[in-house]
Each structure stands twice: as structure tokens, then as C-alpha cells.
Amino acid sequence: MASPSRRLQTKPVITCLRSVLLTYTFIFWFTGVILLTVGIWGKVSLEVYFSLLNEKATNVPFVLIATGIVIILLGIFGCFATCRASAWMLKLYAMLLILIFLVELVAAIVGFVFRHEIKNNFKMNYEASLKQYNDTFYERSEAVDTIQRTLHCCGVQSATDWETTAYYAEKGFPRSCCRFHTCVWADRKDLKKQNQEGCFVKVTTVMQSEMGVVAGISFGVACFQLIGIFLACCLSRSITNNQYEIV
């Protein structure tokens, strides 16, 4: 057992560690709120793009939302453990931080490795959506129209991609390809009155930009957790070694 003088000298150190860890935990909790917000934002703003990907890719926003919720709950637990100065709770807090860090690291590696596969998958689905395009309600047809109208593009590589589709043979280019606000029926088969640039390059550029924001925030949150792991371990060890008790 440590002497009273030794414990008295260590008390300010432990108090300082508790203050720093509390500050960190609050910031960590707030990053969970940010991650939750980014997940919801990604689900809303990238919904049209995700609808043209496979089901695994559409789960990305939900993963971010779930991670944000877990971090928020873990932040609350961390505050409670720090205030209680409980060594075992602080160790559990550190282990949970390590677990989440590893999950985020694996997710980042998988996303980086399969990034080209995602682009190829999007291209194949976009080409298939053009062949299956119709004016009636169809989720992917609406996605194609939204992308072409928003990005001012037409087709996959160029507007001529539409000329091989059944829809073009019957009605011409879709209205979303038109360069002007209003296109009469006669303009529907006039290539010169359509946006010429294909959508694939534009979509991948937008997705890389938007996902870059998501990846950057996620990476920052993951690295920030290393500080919490270190602080929680230090405080837990100090409490255990010096048998510190809250009076």
C-alpha cells in the first residue's frame, strides 16, 4: 500500500487526468453527434447515387449513423466512469474505444480497397438503368432523371448512349437530357439540343468529393480515439496503483 504522503502527491496528478479525460470525453461525445449528422446527411444527399449501387453500398450511411449513436452512448459511459473514478470502468471504457477504433480502421481499409469496384458497379447499374428506363414510376429511372437534371449530363459516357435503348426508339431522349428548360416533342430526338457530356465521370467526381468529406471526418474521429485510450489507461493505472479513493 502506498504511503499517505505518496497518495497526497499523486492526488493532483489524478485530478488533472480526470479533468483532461472529462474534457476529452465531452469532445468525443460531440464527434459522435457529428458522425450521426454526417450519416443522416449522406443518406439524404447521396440517396440518388446509392440507389444505383448494390445493397452493401447503400448501408454506408446507416453504418455511420449506428457508429455515431454508439459513440454518443460510449461518451456518456466515459463521463460516468471518469466522474466515479472507477478503475474497472475506465479499463472497460478504454477497451471499448479500442474495439471501435479497430472496426473503423477495418471499414476504412475495406472502403479503400474496393473503391474501384464501387465505381464499376455504379457504371454497370447505370447502363442497366438506361436500358430499363421508362416514364412510369421506377426508382432507378427517377434516379437517372435526377442525376441528369442536376448535373446537366446525359447517358453514361455521352448522350449517344441513349440511342441504343428501347425508350429512345419509342420516344427519343428523356426530358432530363434537354439542355433547355422546355423541350417540345420534336426536340426529343435532336441530339444537338441535349446535354452532350456523359454522367459517369460527373457522378464519380461528385461521389468522390462527398465521400471524401465523410472519410476525412471518420478518420479524424478514429485517430482522436487514441487519445482517449491513452488517458483512460493512465487514469485507471494511477487509481489502481495508488489506491485513490474519492472522499
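H152 sits in the loop between α7 and α8. Helices (H or I, at least four residues) and strands (E, at least two) are DSSP runs, numbered from the N terminus. The model is predicted, so local features need pLDDT of at least 70 and side-chain atom pairs count only at pLDDT 80 or more, while totals for chains, interfaces and linings use all residues. Residues are numbered from 1 along each chain as its sequence is written, and side-chain values use heavy atoms, with hydrogens and water left out.

The phi of H152 is near 55°, a positive value in a residue other than glycine. Most residues other than glycine have a negative phi. H152 counts as exposed, at 52% relative accessibility. Here buried means under 20% relative accessible area, exposed over 50%, and partly exposed in between (1.4 Å probe, protein chains only).

The protein comprises nine helices and zero strands. From the N terminus on, its elements run α-α-α-α-α-α-α-α-α. Of its 247 residues, 40% count as buried. Contact means heavy atoms within 4.5 Å. Among contacts between residues at least 6 apart in sequence, 72% join residues at least 24 apart. The protein exposes about 14,100 Å², and carbon and sulfur atoms supply 67% of this area. Accessible areas come from the Shrake-Rupley method with a 1.4 Å probe; for residues, only the protein chains shown count as cover.

A search of the whole structure finds two disulfides. A disulfide is taken as a pair of cysteine sulfur atoms within 2.5 Å.

The link of C153 and C199 is right-handed, with 100° about the S-S bond. C153 lies in the loop between α7 (139-151) and α8 (166-171), and C199 lies in helix α9 (residues 199-242), so the pair ties together parts that are 46 residues apart in sequence. C153 counts as buried at 0% relative accessibility. C199 is likewise buried, at 0%.

C154 and C177 form a disulfide too, their sulfur atoms being 2.0 Å apart. The torsion about the S-S bond of C154 and C177 is about 85°, so this disulfide is right-handed. The pair links distant parts of the chain: C154 is in the loop between α7 and α8, C177 is in the loop between α8 and α9, and the two are 23 residues apart. Both C154 and C177 are buried.

C79 is in no disulfide; its nearest cysteine sulfur, that of C83, is 6.3 Å away. C79 is partly exposed, with a relative accessible area of 26%. C16 is also partly exposed, and its relative accessible area is 47%.

Pockets and cavities were identified on a 1 Å grid over the protein atoms alone. A cavity is a set of points where a 1.4 Å probe fits but cannot get out. A pocket is an open set with protein on both sides within 12 Å along at least five of seven lines. Lining residues have an atom within 4 Å of a point. Grid points are joined across faces, edges and corners, and a volume is the space filled by probe spheres set on the points.

The second largest pocket has a volume of about 260 Å³. H152 is one of its lining residues, together with Q148, R149, R175, S176, C178, R179, F180, H181, T182, C183 and N195. By class, this lining has three nonpolar, six polar and three charged residues. Ala, Val, Leu, Ile, Met, Phe, Trp, Tyr, Cys and Pro count as nonpolar, Asp, Glu, Lys and Arg as charged, and the others, Gly among them, as polar.

Two cavities of 30 Å³ or more are counted. The largest cavity has a volume of about 40 Å³. Its lining consists of F173, P174, R175, C178, C183, D187, R188 and Q194. Four of these residues are nonpolar, one is polar and three are charged. R175, C178 and C183 line the second largest pocket and also the largest cavity.

Two further sites lie in helices. S141 is in helix α7 and counts as buried at 1% relative accessibility. S141 touches Q132, Y133 and N134, not counting residues up to four places away in sequence. T204 is in helix α9 and counts as buried at 10% relative accessibility. T204 and I118 are 86 residues apart in sequence and 9.7 Å apart in space, C-alpha to C-alpha.
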